[in-house]
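I am opening a notebook on this structure. The entries below follow the order in which I looked things up.

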Amino acid sequence: MSVPALPEAGPVRSIVDYYATMMRTGIQNQFQYRVAHYFYMLGMVAEPVIYLVVWTTIANESGGQVSGITAGEFAAYYIVWTLVRNMNIVFGAPFWEWRIREGHMARDLLRPLHPLHNDIAWFAGSKFVIVALWLPVAAGLIVAFEPTLDPTALEIGVFVIAIWGAYLIRTMLQSTIGMLCFWTTRGAAVFDLYMTSELLLSGRLVPLPLMPDWVETIAAFLPFQWAFFFPIDSLVGDRSTAWLLGGLAIQALWIVGLLLVFRFT
Amino acid sequence: VTRGDQAFLGGRRVNAVRVAWLFLKVGVLNELQYRVNFVVQLFQSLIQVGTGLAVLALVYSHTDELNGWSESELLTVLGIQILLGGIIRAGIQPNMQRLMEDVQEGTLDYALTKPEDAQSSSASGWQGSSARSAYWTRSRSAARSLSAR
């Protein structure tokens, strides 16, 4: 007696199912470690708080503003920074280094889907938990630093899309650097160089308008600012509709471009 | 009292110092196996120092004084922070990290069954089972940095 074959789902439905399942798994997995997440988050929040205190001090000593940015606007920038940073944390290049060196990549490649799908879906699911845990931290920062923030509905909408764009840009960047580990076991040096470049050229350290003009010029040709400065500025800044939508388009271009680089490395 | 006797050596304290010195030598020999790796690590350290200096220069390009601190004073603080950070990362952090992992993985049992005091040997760089290769130790270092970035 033959067993009837199970109906096969189409490729689109299969991938959607896979992403939904992995995201649910990511959410459940992350909910297990709430305290660990909070400690990690508190450590992570220390970075923008230091920047914020430094620049607020400079602003107060310089007549209330630095290059046209007030203390309240600095507070808004760095508080939104914490959310963007939580969203754009991805599986780092060192993870790829470990995965390739230890042989886990060989196992992952046996699966019918590219391992990148697993990484993107799982981490995307975990973001929901991380954002939920971030809310009380943000409330504390708002009370402590009194940010100046008055976004429009369009800016909020663009921001919501832009933080996912930032997540994908950093995923593609770090995964591409991770591919170097197929040729060298010391990808960490390149990764350090990447992190430094990102720190200085993305708006992570300071809002880009505070950087020297030549740094802004270099930053314009690199993807880093589209994973940090653009999402933050879309909510905090007072930008035109064309600038906001153009920014989303540039994000999309970087994602596609980096995906192509990833595929051919 | 004969040569090599614990009483001759001054008891447990001197023994712990000798074990720590031995671990240090083994650690240095282990690192010296990977000469290119040493150069890479030097490069990484230079990047980190350069980043600190760039940040300082950026801050002081917008002000002459930060809450009463001049640039040269903060440069001194940065230098001390880098120095102390280096000592911590070289001598303390790896051992504490390894101790944590050994508890998680159950390999601390090897240290507990040795005649040497487990706390001092863990703090001074205990390497676990003698059968554990340098490769494995290095792999775990990489696994440590798995934290998402």
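I start with a definition: a residue is buried when its relative accessible area is under 20%, exposed when over 50%, and partly exposed in between, using a 1.4 Å probe and protein chains only. By that rule I noted Gln30(A) as buried, because its relative accessibility is 8%.

Before going on, I recorded that this is a predicted model, where local features need pLDDT of at least 70, side-chain atom pairs count only at pLDDT 80 or more, and totals for chains, interfaces and linings use all residues. Residues are numbered from 1 along each chain as its sequence is written, chains are lettered from A and ligands numbered from 1 in the order in which they are written, and side-chain values use heavy atoms, with hydrogens and water left out.

Entry: Gln30(A). I found Gln30(A) in helix H1 (residues 11–31) of chain A; helices are DSSP runs of H or I with at least four residues, strands are E runs of at least two, and both are numbered from the N terminus. Setting aside neighbours within four places in sequence, I listed His37(A), Trp122(A), Ser126(A) and Val129(A) as the contacts of Gln30(A), contact meaning heavy atoms within 4.5 Å.

Entry: the core. I looked up the largest nonpolar core and found 89 residues in it. Such a core is a set of buried Ala, Val, Leu, Ile, Met, Phe, Trp, Tyr and Cys residues joined through side-chain atoms within 4.5 Å. Among the residues with the most contacts inside this core are Trp55(A), Phe74(A) and Trp81(A). Helix H6 (residues 115–145) of chain A gives the most to this core, namely 13 residues. I then followed Trp81(A), whose contacts beyond four places in sequence include Met44(A), Glu47(A), Arg204(A) and Phe228(A).

Entry: salt bridges. How many salt bridges are there over all chains? I read 10 from a search of the whole structure, a salt bridge being a side-chain nitrogen of Lys or Arg within 4 Å of a carboxyl oxygen of Asp or Glu. Glu47(A) and Arg204(A) make one of them, at 3.0 Å from N to O. This pair links distant parts of the chain, 157 residues apart: Glu47(A) sits in helix H2 (residues 34–61), and Arg204(A) in the loop between helix H8 (188–201) and helix H9 (213–220). I noted both Glu47(A) and Arg204(A) as buried.

Next I looked at Asp108(A), which pairs with Arg107(A) at 3.0 Å and with Arg111(A) at 3.7 Å. Asp108(A) is buried at 4% relative accessible area, while Arg107(A) is partly exposed at 47% and Arg111(A) is partly exposed at 42%.

Entry: chain B. I counted seven helices and zero strands in chain B. Of its 149 residues, 28% are buried. I also noted a nonpolar surface patch with about 650 Å² of accessible area together, including Ile80(B), Leu83(B) and Met96(B). Ile80(B) lies in helix H4 (residues 71–105) of chain B and is partly exposed at 46%.

Entry: the contact between chains. I found 38 residues from chain A and 28 residues from chain B taking part. The two chains bury about 2,500 Å² between them, 65% of it on carbon and sulfur atoms; buried area is the accessible area (1.4 Å probe) that two parts lose on being put together, summed over both. I counted zero salt bridges between chain A and chain B.

Conventions:
Patch = residues over 30% accessible without salt bridge, like charges linked within 9 Å, V, L, I, M, F, W, Y side chains within 5 Å. Areas by Shrake-Rupley, 256 points an atom, 1.4 Å probe, with all protein chains shown as cover.
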